[in-house]
Amino acid sequence: MNMTRRQMLVLLPAAAVAWESLLAGTPESSPNYEQTQHWWGMLIDIPKCIGCGNCVRACQSENDVPDGYFRTWVERYHVTDTNLANPEVISPDGGKHGFPAAVEDSGKYFFVPKMCNHCADSPCTQVCPVGATFVGPDGVVLVDQKYCLGCAYCVQACPYGCRYIHPTKRVADKCTLCYHRITKGLTTACCEACPTGARQLVDLKNPKDPIHAFLKTHAVQVLKPQMATGAKAFYNELDGSVR
Amino acid sequence: MSNFRDTGHLFRFAGIFVAAILIFLAIRGWLVPHTFGQYGHYRGAALNEIAAKPVHFAGHQSCETCHADIAEKKSSGKHASVHCEACHGPLAAHADDPSIQPAKIDTAVLCAQCHETSAAKPKGFPEVETASHSNGVSCETCHQPHSPALEAGGAQ
Amino acid sequence: MQGVNGFMYPNEVQLQWSVLIVLYPFITGLVAGAFILASLVRIFHVEAVRPTYRLAMLTALAFLLVAPLPLQLHLGHPERSYEMYLTPHRTSAMAMFGFVYLWYLMAVLVAEIWLDYRRDIVIMSQSATDWKRWIYRVMTLGSSNISPRALEIDDRVGWLITLVGIPSAFLLHGYVGFIFGSIKANPWWSSPLMPVVFIFSAMVSGIAAVMLLYMLSARLRKEPIDMRCVDTIARYLFYIFIIDFSLEMLDLVHRIYEADESFRSLDFMVHTRLYFSQIILQIFAGTLAPVVLLGLAQVVKLPELARKRIYGIAGSLTLIGIFAMRWNVVIGGQLFSKSFLGYTTYKMGLITREGLLMAMLLSLLPLFFLWVLAKLLPPWYQEQDAITAAG
């Protein structure tokens, strides 16, 4: 029984690669992955987010994110007609355990999942003094934790607050866009765990990716466009009050 | 000749500099990691090291290879687009070795995580006030989690 | 969350850069400033301040030796800091630090001090006893040539090094300002004025420090203070202070008038969490008060004792003010959220690796280094005559 299950798994190439890598655990675990064939990003569909916190929990268990630090988190905005420029925002424990119930009033509520924007012109990699953080050939911003000094300059340079210094490793840590998953044909942990499909991993170099059609038909925005970071976390129906 | 004698000490000082720079260059060539600069100004080997980290969420494709019956049932219901591990949690260990059993789910907590009433949720999303909705009767008494609508045969 | 008002991005609650990173620009600023004072003698021929020339050079060296320590202590992995020399990232302002530092330490300060002291070193390598003799022997680099021609060449080379040293001092500290000024994500830092403000505040703090050290050393050595010298230093301090203050006010006025998206948030911070360190310490006590005091000494003819007291008070206030300025830049820049919706609190540790005790230790260390250097290479001109007599 066990063997047939394994053989069935081999039928699915993507899962099979993941399977083999799980067994082998070697650095050469993604032989079919061509870095130059991808340009990764993320689509975040705000009207679909229900603020359940599944993505935050999934990220923490997939990536061993220490308590009190966040590779992804969810914010809840409350905007009334009198505080457009000064919205009321909460993110209790990064939204990990969801949000307190909100009561209907004159304002509007919505959730904004946040994560590393995997910027093409990333200010964080620009300032790294030694080349310990970088934009990979596939557009993912990564940290080489064996080379990082822990100077925290990159943390200061990120306009979105997506980086932190790992409390025990004492090096910069951040969202890797689940690099260990996407190189095996899987989606990210947050996308896998999102019950409403509010998050979608996108590959801009893949002509068949639905993102291309989506971008043509929707009002999509990135966070803090004035920072000109080439952010690749695309937000559908992003409210102007979000920062 | 006398010019050199009177500047000799300056050459000694400069000599120390040149020696230090040469030693530095030699050490540098030896210490820089081999894959540094392979793709850009970073250690190329880091890419594979990060890619080699273990997976915790197996992915719904893995689940469906064994649990085709559940996948079939789910595909026609309201939870069709909800992936398995959204509710069941990370189960790569179980996919790896099916004898490892996943933890039992407490539906009273799990269902409320998404479906508890809040004005903050998008309009049209099914919400209930769990305290008054079922008088403490557990959710799966009426709603089958894999196909939760009442008319789908969940009601008893 | 404790210490948080409003909304912070969750990773912003903890500050990344501690009081040690406040010390770093403060100390490098003193180095650059002390060197500029020394260059007044060498390049601009301000003979009145010659009594402080050697003291200024040794002060610069003592503080420069300590400058990298706070950085090193703050790193998550200090043992990897050599990587900055191996693979410096061209687009990073911080990657330059190691090179600028070494250049300034070895090619400017050590070279100039060595050339200036070479005659004394050679004489002392012959007159000193036991272990001290060996130290001086090493420092001669095996050459005891102090013929008038050799010393004349030394003087000319030294002049050239000082000439190169002035832009180097500007580079050393201007680039520290650039580290902050080039961060577009942080509106409190991001400003092209930042390097310029850093250079002028560095000159102010360095000149004030050398003036205080000179007055203190004269008192400890029970020697009269050369009033012509301190009057001149105080005058230069006053002029440069006015430029520095104008630049800082220009930055402030520009921010207030433009009132961009970050203004409300930053304005609130200055009126609350930074009120004491910015308004009280930096602007009133640390800038306006010393400028008024120094200005008073310029326009009113005061007796010697009153001038000494004014210079002492003004110099001390200046150092407090410049330290507060570094604090407000480094700590202030991390107290507000980049969402402009909230504020956090800096909790300084006491006896932690980046705590208060370490900061105090690092502030005292350069004074200890200066004491050792002054023992080894006496900067007092009366003693120098004694050395000459011994030779």
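These legends accompany close-up views of a predicted model.

**View 1. Two domains in chain B.** The domain assignment divides chain B into domain 1, residues 2-51, and domain 2, residues 60-152. Their C-alpha centres are 60 Å apart.

**View 2. An open three-stranded sheet in chain A.** The strand order is β3-β2-β4, and the pairing is antiparallel. The edges belong to β3 (88-90) and β4 (108-115) of chain A. Each edge strand has a single partner, so one of its sides has no neighbour in the sheet. From one strand to the next, the twist averages 25°.

**View 3. Pairing of β2 and β3 in chain A.** Strand β2 of chain A covers residues 72-79. Three bridges join β2(A) to β3(A), and the two run antiparallel. One residue pair can be picked out here: R76(A) has I90(A), in β3(A), as its bridge partner. Strands of a sheet pair through backbone hydrogen bonds.

**View 4. S339(C) in its loop.** S339(C) sits between α13 (332-335) and β2 (342-343) of chain C, in the loop that links them. Is S339(C) buried or exposed? Its relative accessible area is 0%, so S339(C) counts as buried, the cut-off being under 20%.

**View 5. Contacts of S339(C).** Leaving aside residues up to four places away in sequence, S339(C) touches F7(C) and Y9(C) of chain C, and R243(A) of chain A.

**View 6. S339(C) and Y214(C).** These two residues are 125 residues apart along the chain. Their C-alpha atoms are separated by 48 Å.

Methods. Residues numbered from 1 in each chain as written. Chains lettered and ligands numbered in written order. Predicted model: local features only at pLDDT ≥ 70, side-chain atom pairs only at ≥ 80, totals over all residues. Heavy atoms only, no water. Domains from an automatic or database assignment. Pairing = 2+ DSSP bridges. Helix = DSSP H or I, 4+ residues; strand = E, 2+ residues; numbered from the N terminus. Axes fitted to C-alpha atoms, helices over the stretch in contact; angles between N-to-C directions. Buried < 20%, exposed > 50% of the residue type's maximum accessible area, 1.4 Å probe, protein only. Contact = heavy atoms within 4.5 Å.
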